[in-house]
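Dear colleague,

Please find below the structure I promised to hand over. My notes on it follow directly after.

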Amino acid sequence: MSVSSEDLAKSRQTIDAYEDYAERYDAIVRHVPNRREQAWLKRLVAIAGASGQILEVGSGPGYDADFLESLGVKVRRTDATKRFLELQAARGKHGELLDLITDDLGGPYDAVVALCVLIHIPRDQTDQVLAKIAGSLRPGGAFLVSMRNGDGETGGEYHTVFWRRDDFAARLEAAGLVLIRDDFNVGRDREEWNTFLAVRPA
C-alpha cells in the first residue's frame, strides 16, 4: 500500500514537533515505569524469553528500554525523532532512527514494543504498519501496544488518532495477531488508554 503525501506530511509534522519538545518531554516523563507499566513489560518478557531480542519503536527518552534491559533482554531502541536518540546517547544508550511508516523493521524479533506511539500513525496506514510489525515477529513472538481510546483524530502539531477497543483489536486480528490480554486505564490529563498484548501464532 502506498503512502499518501498527506499522511507523510502529518507524520513529518508530528516528528518535527517532538524534535522541538524532546528535552521538555524528558524532563516531565516518569524515568521509571509505574507499577502497571512494569507488569505489562514483565508479561512481554515472559513471552519473549529472558534472553530475548526486543524491538522498541518510539523509544523516546528510553526509560522503558532501561527497565526491559534490567530484566535481561536485549532491546533495539529506535525512534523517528533524532533528538530523543541524542538524549539517550548522552546517557550512553545507543538508538537508531526508524520510521514505522517508511522503513523496514528487520527481525525476526522475540517481541515488539510500541507504547504511546501508534496513536500518531494515520488511520489509513494503521493496517500496513501492524502487518509490518507482525511480519517482524518470530512465530510465538509478542507485541505490546497502547492506544488512545475514543473516536476520530486531532490535527495540530501532534496528529493523534483515537481507536475504540474493539476496533483496534480487530485491526490486530486482521494483521494475523492473536490478542491474549488487554486493559483500559485513565492516564495523565484524564486521557483514556487501551493497552493490548498480542502474539504471532506459532
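Leaving aside its neighbours within four places in sequence, which residues is glutamine 88 in contact with? In this predicted model, the partners of glutamine 88 beyond those neighbours are Ser59, Gly60, Pro61, Gly62, Arg77 and Lys93. Glutamine 88 itself belongs to helix 4, which spans residues 82-90. Its relative accessible area is 0%, so glutamine 88 is classed as buried, the cut-off for that class being under 20%.

For helix 2 (residues 35-48) and helix 3, the angle is about 50 degrees and the axes lie 10 Å apart. Helix 2 is therefore oblique to helix 3, and the crossing of the two is right-handed.

On the helix 2 side, the contact is formed by Gln38, Leu41, Lys42 and Val45, which meet Asp64, Phe67 and Leu68 of helix 3. By class, the residues of this contact comprise four nonpolar, one polar and two charged.

Helix 3 covers residues 63-70, and its buried residues are Tyr63, Ala65, Phe67 and Leu68. After helix 3 comes glycine 72, which has a positive phi, near 105 degrees.

With kind regards

Technical notes. Residues are numbered from 1 along each chain as its sequence is written. This is a predicted model: local features need pLDDT of at least 70, side-chain atom pairs count only at pLDDT 80 or more; totals for chains, interfaces and linings use all residues. Side-chain values use heavy atoms; hydrogens and water are left out. Buried means under 20% relative accessible area, exposed over 50%, partly exposed in between (1.4 Å probe, protein chains only). Helices (H or I, at least four residues) and strands (E, at least two) are DSSP runs, numbered from the N terminus. Contact means heavy atoms within 4.5 Å. Axes are lines fitted to C-alpha atoms, for helices over the stretch in contact, and angles run from 0 to 180 degrees between N-to-C directions. Angles under 35 degrees count as roughly parallel, over 145 as roughly antiparallel, 65 to 115 as roughly perpendicular and the rest as oblique. A crossing is left-handed if the near helix is turned anticlockwise from the far one by less than a right angle, and right-handed if clockwise. Ala, Val, Leu, Ile, Met, Phe, Trp, Tyr, Cys and Pro count as nonpolar, Asp, Glu, Lys and Arg as charged, and the others, Gly among them, as polar.
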